[in-house]
Amino acid sequence: MIAIVDYRAGNLTSVQRALDALGLAESAHVTQSPADIAAADRIIFPGVGAAGEAMDNLRDLGLAGPLRQAVADGKPFLGICIGYQLLFERSEEDSAECLGLFAGRVVRFAAGLREAGSPRPLKIPQMGWNEVRFRGHHPLWEGVPAGSEFYFVHSYYPEPSPDRVCATAVYGIEFAAGAARNNLVGFQFHPEKSGRPGLRLLANFCAWRPC
Amino acid sequence: MLSKRIIPCLDVHAGRTTKGVKFVNNIDVGDPVEMARHYYEEGADELVFYDITASAEGRGILLDVVRRVAAEIFIPFAVGGGLNSLDDLRAVLLAGAEKVSVNTGAIRNPGIIAEGARAFGRQCVVLGMDVLRVGVSAGTPSGYEVVTHGGRRRTGRDALAWAREAEALGAGEICLNSIDADGTRGGYEIALTRLISTAVGIPVIASGGAGTPEHLVEVLTEGCADAALVASMVHFGGCRIRDLKAFLAGRGVKVRAQW
């Protein structure tokens, strides 16, 4: 069973629908239940919204412990957007203490960031399609064409330790669009809203057997 | 580097897609779900559905369209038209839209922007504004006024002031429609787009007037728009999204090149 974690952080049906389109409707369930997370063989941890409220919801629902346990048990675990950010130690947003599954903190895009050669400051949030550069070889990016763009909506981004960065993108600065360690992977962009390359990434995740 | 987005806009009336010229004489151009699928395959970066029925009965039909679209396409899409309450926004988001666009509802009750942003995140609250060129006056120092009902009703609000207010209230994006240009296919209103887009810190989607690929180049460069809405020029087969993107790329505008 694939558990799509519902902690009242926005529209989770889009992840469910993407898995439906991949023929995984039977095995994927949106759930708020710690028992379901304990019973699942893989976890998708999506979400949009603010870090502070998201962490409050996780604690209220008793999900922080079961999520940490799932990662410790070696279950394939995918964080998306705010679900990616919450994997880190803390976030500048609401000064939230997060799950601490990756070392590092989540910071805001600095005001006044510019693209090289542009007189105007970049808009925050970053909203739209940006090229993601994946690093090294990972079963998740098999079949994802080099140069593929993915859909981002965010004002904050994590700063993992350099050896955990698995994907980068550039928005005024180069930032970690993804981080990975063993069975754990997280992306700042939304694979479920990123057309074919995004669906491929999700399909790869659902077939992934981390060693 | 972020790509400029090309966003087909589909007007939906009673579950069917229409496109009017200056909001009158709407003609049916098809099934919204089929059109959404088509534009998704063609490389559209996002879609907007605008419900022009705005009746209780039409809302049920619209939500059904939203659900069917959400099952078919895996890019973001926004839904607008007659959304007045938090419950309206919630229904559309739960049906599978990524964003909601508030327009007249936000003029009547600007609080809806703040409430929507708090409840669902600012990234999904788009302020749609219809704007008319009126000339500079004490009430409209920018020379542009916000209007409703397809331009038939003036609000007395200055367009620039309203854009800034909406950003402060929590809007995550602005969809800026020029009533003067809408449906003319004579080009976007560049001065207006530039005025608003450089005055706010959130993305601005230019709308109204697209007729040729050159118009998109203009609004995405000179006009400083972050995205361009297209309707007639793609709906009637004169122009394909993929060709439009190739044209833009050839002119040095960064667009999503593969999908």
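A crossing of two helices is left-handed if the near helix is turned anticlockwise from the far one by less than a right angle, and right-handed if clockwise. That handedness comes up in point 3, so keep it to hand.

Before the points, the housekeeping. This is a predicted model, in which local features need pLDDT of at least 70 and side-chain atom pairs count only at pLDDT 80 or more, while totals for chains, interfaces and linings use all residues. Residues are numbered from 1 along each chain as its sequence is written, with chains lettered from A and ligands numbered from 1 in the order in which they are written.

1. Chain A overall. I'd start with the fold inventory: chain A has six helices and 14 strands (DSSP runs numbered from the N terminus, with helices being H or I of at least four residues and strands E of at least two). Its radius of gyration is 16 Å, close to the 17 Å that the globule rule gives for 211 residues, so chain A is as compact as a globular protein of that length. (The radius is taken over C-alpha atoms, and the rule is 2.2 Å times the number of residues to the power 0.38.) Along the principal axes, the C-alpha atoms fill a box of roughly 50 × 40 × 30 Å. Buried residues come to 53% of the 211; buried here is 20 or more other C-beta atoms within 10 Å of a residue's own, exposed is 12 or fewer, and partly exposed is in between, with C-beta atoms placed from the backbone. Of the contacts in chain A with a separation of 6 or more, 69% are between residues 24 or more positions apart, a contact being two C-beta atoms, placed from the backbone, within 7 Å.

2. Chain B overall. Here the count is ten helices and twelve strands. The radius of gyration of chain B is 17 Å, close to the 18 Å from the globule rule for 259 residues, so chain B too is as compact as a globular protein of its length. Its C-alpha trace spans about 45 × 40 × 40 Å along the principal axes. Buried residues make up 54% of the 259, and 62% of the contacts with a separation of 6 or more are between residues 24 or more positions apart.

3. A helix pair in chain B. Helix H3 (residues 86-94) and helix H5 (residues 111-120) of chain B pack at an angle of about 40°, their axes 10 Å apart. (Axes are lines fitted to C-alpha atoms, for helices over the stretch in contact, and angles run from 0 to 180 degrees between N-to-C directions.) That makes H3(B) oblique to H5(B), since under 35 degrees counts as roughly parallel, over 145 as roughly antiparallel, 65 to 115 as roughly perpendicular and the rest as oblique. The crossing is right-handed. H3(B) brings Leu86(B), Leu89(B) and Leu93(B) to the contact, and H5(B) brings Glu115(B), Gly116(B), Ala119(B) and Phe120(B). An α-helix has 3.6 residues a turn, so residues three or four places apart point the same way. By class, this contact has five nonpolar residues, one polar and one charged (Ala, Val, Leu, Ile, Met, Phe, Trp, Tyr, Cys and Pro are nonpolar, Asp, Glu, Lys and Arg charged, and the others, Gly among them, polar).

4. The interface. Chain A puts 34 residues into the contact and chain B puts in 27. On the chain A side, helix H1 (13-21), strand E8 (126-131), strand E10 (149-154), strand E12 (165-171) and helix H6 (195-207) each supply at least two residues. H1(A) gives the largest share, six residues.

5. More on H1(A). Seven of its nine residues are buried, so H1(A) is largely enclosed by the rest of the structure. The buried set is Thr13(A), Ser14(A), Val15(A), Gln16(A), Arg17(A), Ala18(A) and Leu19(A). Just after the helix, Gly23(A) takes a positive phi of about 80°.

6. Backbone spots to look at. Most residues other than glycine have a negative phi, and most peptide bonds are trans. Asp94(A), not a glycine, has a positive phi of about 60°, and Ser95(A) has a positive phi near 50°. Asp94(A) counts as partly exposed with 14 C-beta neighbours inside 10 Å, and Ser95(A) as exposed with 9. Elsewhere, a cis peptide bond with omega of about 5° joins Ile124(A) and Pro125(A).
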